[in-house]
Amino acid sequence: MLTPIDRSRTAGRYFGAAVRFDQIAGNERLRDAVLRDCSSITPEIHMKWDALRPSPDRWTPGPADDLIAFARQNGLKVRGHALIWEQSTPAWAKAAIAGADWAVVRQHFEGVIGRFGDDILEWDVVNEPIDAHGLRETTFFKAYGPDYVARALTTARELAPRAKLVINDYSFEYDNPVEDARRASFLRLLRELRRADVPLDGVGLQAHLDLGKGALRRETLAPFLTAIADLGLEISVTELDVREHDLSLSLAERDRRVAEEVSRYLDIVMDQPAVTGVTTWGLSDSHSWLQPSGARGANLNRGLPYDAALAPKPMREALRSRLAAA
Ligand code: G3I
């Protein structure tokens, strides 16, 4: 019997995973792993704008409703993902947003928060707003100007006064010019929002780790986390997984490298008291956005805690021990 990862009830930090209802409904072993290890889940897809309202006259909350019911039945917390994300904004909504009427965004928030808000403790209000230079030039940025992030947070606070409001973004982990610039760009945004007293409770660090990007350095990551914490913000690790670099190695060596990367990351991150918990972007390699299309067997990326047959891998033990130690 595996020792559960979840130590949230004793140590205060949660462990969660992104899930899809169709996947847990169709795979008992996956569902059991979620129930054994997680105290929190994130809908990988079902709460995104294009999943909920693919066209103006189609409202399709069924899978998200099913996932919320599953969470309720099993006492799981739910992270709401994501109210605004350029990539999941359907074409019809982008066309409407281009008219610069905030009512389009507000109605979307009212629909989503109205439906699910009672069950959501933490919302990714804006997903992936920055690039290396500043705010990413999304449909929202072009229509509403740079204030759209503040407006989104203010609207979310009004509609979900008790939920934690979060900005979620990626590529902050490694030492290279792009990630250096992204960290600086993210901190600039957070400081501006703080200065303007915008309702913001925390940040989500996606943490899509990558074995091809060089060593993770405490000297780089720890000061970045401290700078966020010094702004009075909480930190959630929201989408942890590991992209492999060399699939020609033995499976044992590949799994060792993945686990080592996760341990290294968590050893740094768990030292920051503002970190509230960790979510992996899936639990099993059979369901990972990192899979090359059509990949099977040894060609599957092995960057999640369980392999495709739901056997636990060293990454799971790395998570369990780091969360327990924390
Ligand atoms: O729903 C359609 C289905 O009807 C169709 O048959 C199928 C054919 O490809 O596509 C289905 O939609 C796909 C959906 O996943 C469900 O499988 C979308 O094309 C595909 O784009 C979508 O990918 C998700 C992606 O976000 C976009 O929503 C990934 O699973 C999900 O892991 C990924 O997650 C994102 C986070 O939200 C934000 N951070 C990065 C992370 C990875 O990209």
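The dialogue below takes the ligand, then the aromatic rings, then the backbone.

Modeller: Keep in mind that this is a predicted model.

Biologist: Where does the ligand sit?

Modeller: The ligand is found in the largest pocket.

Biologist: Which residues come nearest to the ligand?

Modeller: There are 13 residues around the ligand, and Glu44, Lys48, His81, Glu239 and Trp281 come nearest.

Biologist: How many of the shell residues are nonpolar, polar or charged?

Modeller: Sorted by class, the shell has five charged residues, four polar ones and four nonpolar ones.

Biologist: Which polar atoms lie opposite each other?

Modeller: A polar contact is a pair of N or O atoms within 3.5 Å. In the side chain of Glu239, an N or O atom is 2.7 Å from a nitrogen atom of the ligand. The side chain of Trp281 has an N or O atom 3.0 Å from a ligand oxygen atom. Arg20 places a polar side-chain atom 3.1 Å from an oxygen atom of the ligand.

Biologist: How much of the ligand does the protein cover?

Modeller: On its own the ligand has 800 Å² of accessible area, and the protein covers 48% of that.

Biologist: Now the rings. How many aromatic pairs does the structure hold?

Modeller: There are seven aromatic pairs. One of them joins Trp49 and Phe140, with 6.5 Å from centre to centre and 45 degrees between the planes. Planes under 30 degrees apart count as stacked and those over 60 as edge-to-face, so this pair is called tilted.

Biologist: Where in the chain are the two partners?

Modeller: Trp49 is in helix 4 (residues 49–52) and Phe140 in helix 8 (residues 139–144). The two are 91 residues apart, so the pair links distant parts of the chain.

Biologist: What should I look for in the backbone?

Modeller: Most peptide bonds are trans, and most residues other than glycine have a negative phi. Here the bond from His81 to Ala82 is cis, with omega near -5 degrees. Ala82 belongs to strand 3 (residues 77–84).

Biologist: Which residue has a positive phi although it is not a glycine?

Modeller: Asp197, with a phi of about 60 degrees. Asp197 lies in the loop between helix 10 (177–195) and strand 6 (202–205).

Notes:
Residues are numbered from 1 along each chain as its sequence is written. This is a predicted model: local features need pLDDT of at least 70, side-chain atom pairs count only at pLDDT 80 or more; totals for chains, interfaces and linings use all residues. Side-chain values use heavy atoms; hydrogens and water are left out. A residue is near a molecule or strand if one of its heavy atoms lies within 4 Å of it. A polar contact is a pair of N or O atoms within 3.5 Å; within protein, one must be able to donate a hydrogen and the other to accept it, and residues adjacent in sequence count only if both atoms are side-chain atoms. Accessible areas come from the Shrake-Rupley method with a 1.4 Å probe; for residues, only the protein chains shown count as cover. On a 1 Å grid over the protein atoms alone, a cavity is a set of points where a 1.4 Å probe fits but cannot get out, and a pocket is an open set with protein on both sides within 12 Å along at least five of seven lines; lining residues have an atom within 4 Å of a point. A molecule sits in a cavity or pocket if more than half of its atoms lie within 2 Å of its grid points. Ala, Val, Leu, Ile, Met, Phe, Trp, Tyr, Cys and Pro count as nonpolar, Asp, Glu, Lys and Arg as charged, and the others, Gly among them, as polar. Rings of Phe, Tyr and Trp (its six-membered ring) pair if their centres lie within 6.5 Å; planes under 30 degrees apart count as stacked, over 60 as edge-to-face and the rest as tilted. Helices (H or I, at least four residues) and strands (E, at least two) are DSSP runs, numbered from the N terminus.
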